Protein chains: 2
Amino acid sequence: MAVQFHLIKTDPSSRARRGRLYTRHGSVETPVFMPVGTQASVKTMSPHELLDIGVEMILSNTYHLFLRPGHDLIREAGGLHRFMAWPKSVLTDSGGFQVFSLSPLRRISEEGVTFRSHLSGETFFLSPERATEVQNALGADVIMAFDECPPYPAERSYVEESLERTLRWARRCQAAHRRPEDQGLFGIVQGGMELDLRRHAVESLAEMDFPGYAVGGLSVGEPKEKMYDVLEYTTELLPVDKPRYLMGVGAPEDLIEGVRRGVDMFDCVLPTRIARNGTVWTRRGKLVVRNGAYARDYRPLDPECSCYTCRHFTRAYIRHLLKADEILGLRLTTYHNLYFLVHLMQDIRRAIEEDRFAEFRSAFYRTFEIRKSEDAEGGR
Amino acid sequence: MAVQFHLIKTDPSSRARRGRLYTRHGSVETPVFMPVGTQASVKTMSPHELLDIGVEMILSNTYHLFLRPGHDLIREAGGLHRFMAWPKSVLTDSGGFQVFSLSPLRRISEEGVTFRSHLSGETFFLSPERATEVQNALGADVIMAFDECPPYPAERSYVEESLERTLRWARRCQAAHRRPEDQGLFGIVQGGMELDLRRHAVESLAEMDFPGYAVGGLSVGEPKEKMYDVLEYTTELLPVDKPRYLMGVGAPEDLIEGVRRGVDMFDCVLPTRIARNGTVWTRRGKLVVRNGAYARDYRPLDPECSCYTCRHFTRAYIRHLLKADEILGLRLTTYHNLYFLVHLMQDIRRAIEEDRFAEFRSAFYRTFEIRKSEDAEGGR
C-alpha cells in the first residue's frame, strides 16, 4: 500500500486524533498542516527552510503544474519530489477546484471539464482519467479524486446533481489510477451544506474503500458555525481507521476546531499569502507588521517565538523591507507564519498525547484573543 | 585606527596584490568583491546565506537609507550591522553617485546638493558634512567621502571644476567625521578620463592621508580599454600601503583586469541584478537560464559549481520558477552568481599567493570565452 495510517490515540474530551501517516517519502505526524507549493515551490521558501521549520508534507496544485511546466516535463525530471528537491511527502490536489475557481471559461459535462487556461487562454480538458494520469506523472504520495466543488450558496438540486457526478468521477479516478502501489488516492466528500447529501457522499465513498478521505466544499464563504457543523457531522461518519483531510483550511482557530472534530490533515495558502501582505500570527493574535506603529519597534515579530526570523530580526527591520519591496521581507514573514502553524500543530499533537487538548484549546483562545484575529480569509 | 590594511604580497608578473583589511567587524581577505545591499538587504538573500557563500564585506547605499527608513531610525536600532543582522564588515557609499544618477531634479552648489527624492518627490539636501553625519549614524566600517561623479563623456572644463569641488568636499568630510576610531573614511579619486586630473586628484587626496582610496568615475559608459587605461594610470600613483577600491565594477573579466592593475576592493549590483533577469555566470561564460533551450535541461546551472543552487536544482526547475514568477527562482540565481564571484576572488587570491596570477588569468579567459560573455552592463 502506498499510504498507511496509524491511529495512535483519540482525545477523551473531543474527537481529536493523534496519528501517523506513512508514505514512500517517510512518516508524517498527524494532525498535520501542509504548506501549499502551488507551482512546485512554497512561495519564497527553499525546500531546506521547510525542513528546518519541521514541515513533513506539502501540497502542490495539479491545475497549475499541468499548465506550466507540464506534467510530462516533471515526469521526465524524475517526478515532483526530484524536480523541486523536496525529499519528504507531497500531496497533489486534482485540479478540480482550480478549474472552477481560476479558469475564466469552463464547460462541464459527464465526461469532464473543458476550460480556458488562466495563463494563455488556450483550451484544455480535464476529466477523472486525465487528472489521475497527470497526478500519476507528477508522482505525489497522496493524490486526489477529480471533483466539483459547488459554490456557496447553491441550490440543493444543483448540489445533488454535482455530488452524484463527483461520486461517479471518484469511481472513474479509482479505475484510472495506474500507480496504486506508489500513490494513495483519496476520495473527496462533497454535498455542500446539505447534511443528508454529506452522509450519502461518505457512505458511497467508504464503499469504494479509499486509503483516505477529504472533506471538500467547506471554507467557501459560508459562516464559520455552518462550516464547523457540517464538518462535525461529516467526520463523525467517516471510517475511523483512515486519515481525514480538510481541504483549504488553515487559520489557527480553524485548525484547532478542525482537529477537535477529528481532522488529521489540513492545507491552506493563508499563512504564506497573509505573510506576503505583511501580516503575521503570534501567540497573542495577528500582527500587521506593515503598520506604521511598528516603524521603530525593535522587538521580534513574536517575542515568544524562536524561529529564524524572530531570533535575528526586528519588526522595524521587517517593516522596512516590506515597505522597500525587498524580497527578504516576504521570506521572513513567510518563514515565521509557517513556523507558527507547524509548531501550533506540534503543540496540538502533544496536548492530545497528554490528554489535555481541551485545556490547550481554552488556553490558546485566551491568549490569541488578546490581539483579536479579525481575519476570516479562506483559500485552498 | 578603525581600518587597517596589511599588504601580504604582490604578484611578480603584474600589479595584483594579496592583502587583508581589518575592521571592527573582522578581517577581510583582499582582493575582495562586496555584494550590494542597497536598502540594507542584498536583494533576495538572507545574511546567513551571505555568510555561507563566504562574503566578508557588503556595501550599502547612504542615499537610499537616508530616504528610507532614515539614518536616525537605523542609529536607534543599534546601527546598520544590527539593523540588518549582518555581523561582518560593511561599507557605505556617500550618496553622491545616487544623488546624481537617481534624483529627478538636483541643484549643485559649493555647499552641497539639493535634490528631489525619487520616492516621495520631497526636497532634500546633502553636503559633505551631512553625508558624513548620516554615515556616522549608519555606522559602517568604511565610509566614503561625498563626491560628484561626472558623466561620460564630459567637457574637460566641467570635469576640472567638479574635481576641485570634490577635493574641497573630501577635506570637509574629513573635518566632519565624528567617529574616526570606528569608521575608516576613504577618499575618492575623480578626474574623468583626464590623466593629469587623475594625477592631481591622487596627489591632493594622498596629502590628506586617508586610510583608503577609491577610484570613482569609471564604468560610467566609457569603452573598456579607456577604463582599464585610466585605472592603470591611477592605481600606479596611489599609496602602496593603503587599500584601493574600484567603485561599481563587478563583471568577472573586470574583476580580473582590476586586480591585475592593483585594485583590492570591488562592488557592483551586476551579479544580483542579472540573476534576477535570469542570467548566471559559469566558468564557461554567461548562461541565460530563462531561455527556452533550458526548459528540459536537467543539469545544474554550472556542473562544475558546488554552490547550494547547483547541488540541488536543475536548469529546468530554475527556468520554471523564473517563468512562473516564483521568488525562489530569483534566490537561486542570485545565490549562484554571488557564490561564483566570491569564489572567483578566492581563486584569484590563491593564484596571487602562488605566483601564478598570469596563468590563472589566461586559463580563465580560455574557458570563460567558450560561451562568449557579450554583456557590458555597468552599475554601482
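Author: In this predicted model, helix H8 (residues 195-208) of chain B packs against helix H9 (residues 224-237) of chain B at an angle of about 30 degrees, and their axes are 10 Å apart.

Reader: Why is H8(B) called roughly parallel to H9(B)?

Author: Angles under 35 degrees count as roughly parallel, over 145 as roughly antiparallel, 65 to 115 as roughly perpendicular and the rest as oblique; the angle here is about 30 degrees, and therefore H8(B) is roughly parallel to H9(B).

Reader: Which residues of H8(B) and H9(B) meet?

Author: Leu195(B), Arg198(B), Arg199(B) and Val202(B) of H8(B) meet Val230(B), Tyr233(B), Thr234(B) and Leu237(B) of H9(B), where contact means heavy atoms within 4.5 Å.

Reader: What makes Asp93(A) buried?

Author: Buried means under 20% relative accessible area, exposed over 50%, and partly exposed in between, with a 1.4 Å probe and protein chains only; Asp93(A) has a relative accessible area of 3%, and is therefore buried.

Reader: How are residues and chains labelled, and what limits apply?

Author: Residues are numbered from 1 along each chain as its sequence is written, while chains are lettered from A and ligands numbered from 1 in the order in which they are written. Local features need pLDDT of at least 70, side-chain atom pairs count only at pLDDT 80 or more, totals for chains, interfaces and linings use all residues, and side-chain values use heavy atoms, leaving out hydrogens and water.

How values were computed. Axes are lines fitted to C-alpha atoms, for helices over the stretch in contact, and angles run from 0 to 180 degrees between N-to-C directions. Helices (H or I, at least four residues) and strands (E, at least two) are DSSP runs, numbered from the N terminus.
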